[in-house]
Amino acid sequence: MDSAFIIEKSVVILVVFALTMIMAMYSTWAERKVAAFLQDRVGPNRAGWGGLLQPLADGLKLFSKEEFSPNTPNKFLFVVGPAIAMSTALMTSAVIPWGDKLHLFGRDILLQATDIDNALLYIFAVVSVGVYGIMIGGWASNNKFSLMGAVRAASQMVSYEVAMGLSMIALLMMTGTLSLREISAQQAGMNWNVFYQPVSFLIFLICAFAETNRTPFDLAECESELIGGYHTEYSSMKMGFYLFAEYANMFISSAILAVLFFGGYNYPGMQWMVENVGVNTANILGFLALFIKICGFIFFYMWVRWTIPRFRYDQLMHLGWKVLIPLAILNIMVTGICLLLFK
Amino acid sequence: MSTTIQNISLSGRKKQVSNKEMTFLENLYLVAIVKGLLITIKHFFRKKVTIHYPEQVREMSSVYRGQHQLKRDEQGRENCTACGLCALSCPAEAITMKAAERKPNEKHLYREEKYAEIYEINMLRCIFCGLCEEACPKDAIYLTTSKVLVPSSYEREDFIFGKDKLVMPLDIAMQNAQLKNAN
Ligand code: SF4
Ligand code: SF4
């Protein structure tokens, strides 16, 4: 490995990291704005223009809050919980292809932290570790509400991961690869997977809501029943980490949805742009296209949150096991038959 | 008889609750969710109801009455005779007062022989119902059309308005007297 390669990757990683952080920050602002607009209000508008400095003010507030820790025998685990939640949320961003490549300083720079060939498996692995952050935090809080939140989160994630994995299989049968870069490349033009695999997309979308603990699947937090769920006992920046991880997760899962089903960085006419205008402009536009798709999904997350009430626990399990999993299996069979018939 | 009562719907939107089994499509909740999403997105583009308070002030009704005033008569003497009827009628128990006897050299200050030495209204308790105004036999206390709201403060004491804030300023009493003479 030459040093130029290391520098290149470090820069890419730093940029991705910063981007995730900034997006998570501004998602909190966007969430409040969207919530307000959907409720005929205007939302935060005092800190900065249109409330744009609100996330900074919130961060400052969280930092200056008293650091309280409950009387628990698991002081170590109490700190590890939010740390795991945060790191897993950030780790997933490593394999997402943010764009094709830039041609700078005589080198081709891949807009991706690492292009491993089993990226999708990696994502599933990291996401399923994410539940430990919540479980450990809830357990170490030494509080029955936290524990209940953690138990709910765990069972919910386990159930929905099954359906999520099955919905992926149908997609993988079509693409024949686990690498997100190749999946993106296959969708060049308007060849988006969502047109071929709408059912798979729907199941994946629903499961993504469940995996990120967003309404209507926010049973792990559910303020009206469990105070704050698994983060009841947390305060100050540890609490901030949990909340931040939730928004980072939302950003990453939006990115994955965009890459898997909505063509990733592809936009119509990209090939033409590469040939006529230049690689760099075309790919920066590609990054912007991906970014817009991601923002669209984030908006969708928020839109849904302020529309639907929370599922009851048995409804959640019913939907996961009795509806989504059979649907996913059916989808696999139909995909298989179609592949046999048409290829 | 009973059937007709069951079918009455005052709002015109009455719906019978049904407990029938949901079909598979309904079990997915998708149709219902899409309907809900359409409703909320309509609100996204609606006009916002928020009034940006310090910059924008809400229009008050033309019959708005707030902020009490203890009146003076045309000669600038205070009307109040500290009878306590306003305090008695106040549902919020916001008024307290202490009576004093008028000295011979104070005849130009107070109309009656007894006057309120201290007269206080707790603006945190007052509900601006106007019952004090109704109760007063001397036309001494009135809620005014003043659009000035009670200013916010960090101290509870600041909300107890004494005579310094309540009594009508002398020059206004003089103006009123002149107006009356002119007519
Ligand atoms: S307006 Fe009503 S509440 Fe206020 S002081 Fe008068 S009687 Fe009491
Ligand atoms: S304001 Fe009127 S009712 Fe109240 S004490 Fe004075 S005279 Fe009596």
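**Close-ups of a predicted two-chain model**

**View 1. A cysteine in a loop of chain B.** B:Cys83 sits in the loop that runs between strand S1 (66–70) and helix H4 (85–89) of chain B. Keep in mind that this is a predicted model. B:Cys83 is also one of the residues closest to ligand 2, and that takes us to the next view.

**View 2. What surrounds ligand 2?** Here we count 14 residues around the ligand, and the closest are B:Cys80, B:Cys83, B:Gly84, B:Cys86 and B:Cys136. The shell is made up of 11 nonpolar residues, 2 polar ones and 1 charged one.

**View 3. Four cysteines listed in a record.** Which residues does UniProt list under "binding site"? The entry, an unreviewed one, gives B:Cys80, B:Cys83, B:Cys86 and B:Cys136. They are spread over 57 residues of sequence, yet they cluster in space, with a largest C-alpha distance of 10.3 Å. These four names also turn up among the residues closest to ligand 2.

**View 4. Where chain B meets chain A.** The contact draws on 19 residues from chain B and 22 residues from chain A. Together the two chains bury about 1900 Å², and 73% of that is on carbon and sulfur atoms. Look for B:Leu37, B:Phe44 and B:Lys48: these supply 28% of the area that chain B buries against chain A, more than any other three residues.

View 5. A:Arg46 pairs up with B:Glu55 in a salt bridge, with the closest N and O atoms 3.0 Å apart.

**View 6. Chain B's side of the contact.** Two elements of chain B give two or more residues to the side that touches chain A: helix H2 (24–27) and helix H3 (30–44). Which one gives the most? That's H3(B), with 8 residues. Sorted by type, the residues on this side of chain B come out as 10 nonpolar, 6 polar and 3 charged.

**View 7. A salt bridge within chain A.** Over all chains, the structure holds 13 salt bridges. One joins A:Arg214 to A:Glu246, where the closest N and O atoms are 3.5 Å apart. This pair links distant parts of the chain, 32 residues apart. A:Arg214 is in the loop between helix H8 (198–211) and helix H9 (223–226) of chain A, while A:Glu246 belongs to helix H10 (residues 236–261) of chain A.

Technical notes:
Residues numbered from 1 in each chain as written. Chains lettered and ligands numbered in written order. Predicted model: local features only at pLDDT ≥ 70, side-chain atom pairs only at ≥ 80, totals over all residues. Heavy atoms only, no water. Contact = heavy atoms within 4.5 Å. Buried area = accessible area lost by both parts, 1.4 Å probe. Salt bridge = Lys/Arg side-chain N within 4 Å of Asp/Glu carboxyl O. Helix = DSSP H or I, 4+ residues; strand = E, 2+ residues; numbered from the N terminus. Nonpolar A, V, L, I, M, F, W, Y, C, P; charged D, E, K, R; others polar. Near = heavy atom within 4 Å. UniProt positions renumbered as here; feature names shortened; annotations may be inferred.
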